[in-house]
Amino acid sequence: MLVLALDTATPYLVLGLPHAERAIRLERRHAEVLWQELEVFLKQAGVGLKELGGIAVGRGPGSYTGLRVGIAAGLGLARGLGIPVTGVDTLEAVALRYQGPVTVVHRTRNELCYTGSYRIEGKQLAVLQSPKRARLGELQPDGLLVVDEPPSGLALARLGQAALQSGRVQVEPLYL
């Protein structure tokens, strides 16, 4: 199943397929450029919309508006194509860029952040600490500390494919 992933929970627009990915720092302009970038991305990856078997959307944690933009786009695209859609964890897709224990941090306002800790072995992910909201000064990272990096588009697509194959088609934002 060919799964297209998109994530707008962070300042990045992240697009992914099992064989291609793109991350563009947009700050808060996701809604302005999402469709144009998606069209270019699919063309460069050599994939037509009719080839897609599913959509994976980053469900956060992240910006309220950013989450709504990505989830609405993913739901609309999936419904228009008649294919399933699922939500995937944005912080997990960042952690999957690395190996061993990884603490992922996305800063927000007022010295706050979203954070989660994971152990990555090969392509397997174990959650050590579920995503939560915390103060930057209170963090006690386990292993590698990764701050404000975009999720991997490849990992988003892989997580989405696994979720869809297991029958999980829940697209609920992770608001913390």
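Helices (H or I, at least four residues) and strands (E, at least two) are taken as DSSP runs and numbered from the N terminus. The structure is a predicted model, in which local features need pLDDT of at least 70 and side-chain atom pairs count only at pLDDT 80 or more, while totals for chains, interfaces and linings use all residues. Residues are numbered from 1 along each chain as its sequence is written, and side-chain values use heavy atoms, with hydrogens and water left out.

An open sheet of 5 strands has the order S3-S2-S1-S4-S5, with mixed pairing; two strands pair if DSSP finds at least two bridges between them. Strand S3 (20–25) and strand S5 (85–88) form the edges, each with a single partner strand, so one side of each has no neighbour in the sheet. On average, neighbouring strands of this sheet are turned by 15° against each other, direction ignored. Axes are lines fitted to C-alpha atoms, for helices over the stretch in contact, and angles run from 0 to 180 degrees between N-to-C directions. Strands S1 (residues 3–7) and S4 (residues 54–58) run parallel and are joined by 4 bridges. Within S4, Gly-54 is the residue opposite Val-3.

Two helices are placed against the sheet. H1 packs on the sheet and touches S1, strand S2 (12–17) and S3, its direction making about 25° with that of S2; contact means heavy atoms within 4.5 Å. H2 lies across S1, S4 and S5 and runs at about 175° to S4.

Grid points are joined across faces, edges and corners, and a volume is the space filled by probe spheres set on the points. The largest pocket has a volume of about 790 Å³. It is lined by 31 residues, of which Ala-9, Arg-28, Gly-62, Ser-63 and Thr-108 are the closest to its centre. Helix H1 (30–45), helix H2 (64–81), strand S6 (100–107) and strand S7 (112–121) each give two or more residues to this lining. The largest share, 4 residues, comes from H2.

The second largest pocket has a volume of about 190 Å³. Its lining includes Glu-92, Lys-123 and Arg-158. Strand S8 (124–135) and helix H4 (153–165) each supply at least two lining residues, and H4 gives the most, with 5 residues.

Conventions
1 Å grid on protein atoms, 1.4 Å probe; cavity = no way out; pocket = protein on both sides within 12 Å on 5 of 7 lines; lining within 4 Å.
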